[in-house]
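I opened my notebook to record what I looked up in this structure, one entry for each topic. The sequence and the model come first, and my notes follow.

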Amino acid sequence: MNPKCARCDKTVYPMEKLSCLDKAWHKGCFNCETCRTTLTMKSYKGYQKKPYCNAHYPTTRFTAVADTPENLRLKKQQQTVGNVHYQAQHRENLQKFTAVSDNPEAQRVKKQQQMSGGAYHQGTATTASRWQQDQDSQPPPQRSYAQPEPEPEPEREPEPEPEPEPEPEPVALPFSYGGGGAARAPVPEPAYQDDPEPEAAAPSGGGLTMRALYDYEAGDDDEIGFMEGDLVVDVEVIDDGWVTATVQRTGDRGMAPSNYFESV
């Protein structure tokens with residue numbers, strides 16, 4: 001069943017129906033309550049389920065009340081009534097408590113509690129005063145600083161005396177030169193040794209040296225296989241992703257993928 005329009009109270013058909021503010025409206029009937037300006041879903045403002053435009057939307061304004069003698073009298077009267085009500089409520093609350101009569105038994109218990117509390121505080125104060133007197137009577141501790149003993153120096157072992165070199169024995173000659181003088185031993189000529197030939201250095205290539213990160217098995221005749229940690233020398237880049245190198249462990253040379261190595 002088609003609903004009625006909230007403005008003209010006529011039937012609203014689906015083609016001209018506009019649902020807003022929990023009501024059904026004709027598109028032409030959806031206007032401001034004050035100036036009857038036609039509104040849309042974007043330009044209306046609802047107040048108490050009635051559409052208004054921005055100019056006639058009702059706003060809340062506060063009214064200033066002057067402190068006239070009559071208003072001051074009413075204010076004072078309200079405060080007095082409030083105080084009377086508070087006092088009456090206070091008296092009603094006091095009646096809810098049970099009064100305890102001061103009979104001899106209650107007075108005895110009260111006095112006993114006071115004596116127990118006083119004795120406890122008195123004993124605490126006496127103990128504190130005795131401890132303070134003991135502390136005052138004791139002489140202050142004397143601090144003594146002992147000089148550290150020097151550490152003994154480690155004994156040094158006696159250095160061995162150098163052995164005397166043996167003197168060369170004189171060589172007797174079977175004959176002497178020129179007369180009957182004593183024969184002299186010829187002075188030995190120093191022996192000259194040829195300089196040692198330098199060892200031939202191992203040939204090294206002019207390429208880079210890299211270390212294998214993973215194991216690799218040769219997949220073709222011109223490739224090389226190696227194990228993780230092997231060093232390869234004479235590394236030359238031949239293509240994007242491939243290098244030519246020599247495995248130092250096996251001496252094989254060939255191609256290998258460059259991402260299997262790291263620089264050393």
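I began with the hairpin that β1 and β2 form, in which two residues lie between the strands, and I noted that Leu21 in the turn has a positive phi of about 55 degrees. Strand β1 covers residues 17-20 and strand β2 residues 23-26, and they pair in the antiparallel sense over four bridges; two strands pair if DSSP finds at least two bridges between them. Looking for one partner, I found that Lys17 is bridged to His26 in β2.

I then wrote down how to read these entries: this is a predicted model, in which local features need pLDDT of at least 70 and side-chain atom pairs count only at pLDDT 80 or more, while totals for chains, interfaces and linings use all residues. Residues are numbered from 1 along each chain as its sequence is written, and side-chain values use heavy atoms, with hydrogens and water left out.

Next I looked up the confidence, given as pLDDT (the predictor's confidence in each residue, from 0 to 100). The protein has a mean pLDDT of 77, and 74% of its residues reach 70 or more. Over residues 173-183 pLDDT stays under 50, and the model has six contacts for them beyond four places in sequence, a contact being heavy atoms within 4.5 Å. Residues 198-205 are also below 50, with two contacts beyond near neighbours in sequence. I reminded myself that where pLDDT is low, the predicted coordinates should not be read in detail.

Which residues form one aromatic cluster? I listed Tyr214, Tyr216, Phe226, Tyr260 and Phe261. The structure holds nine aromatic pairs; rings of Phe, Tyr and Trp (its six-membered ring) pair if their centres lie within 6.5 Å, and planes under 30 degrees apart count as stacked, over 60 as edge-to-face and the rest as tilted. The ring centres of Tyr216 and Phe226 are 5.6 Å apart with planes at 25 degrees, so this pair is stacked. For Tyr216 and Tyr260 the centres are 5.2 Å apart and the planes at 70 degrees, so that pair is edge-to-face. Tyr216 lies in the loop between β5 and β6 and Tyr260 in the loop between β8 (253-257) and β9 (261-263), so the pair ties together parts that are 44 residues apart in sequence.

Finally I checked accessibility, where buried means under 20% relative accessible area, exposed over 50% and partly exposed in between (1.4 Å probe, protein chains only). Tyr216, at 15%, counts as buried, and Tyr260, at 24%, counts as partly exposed.
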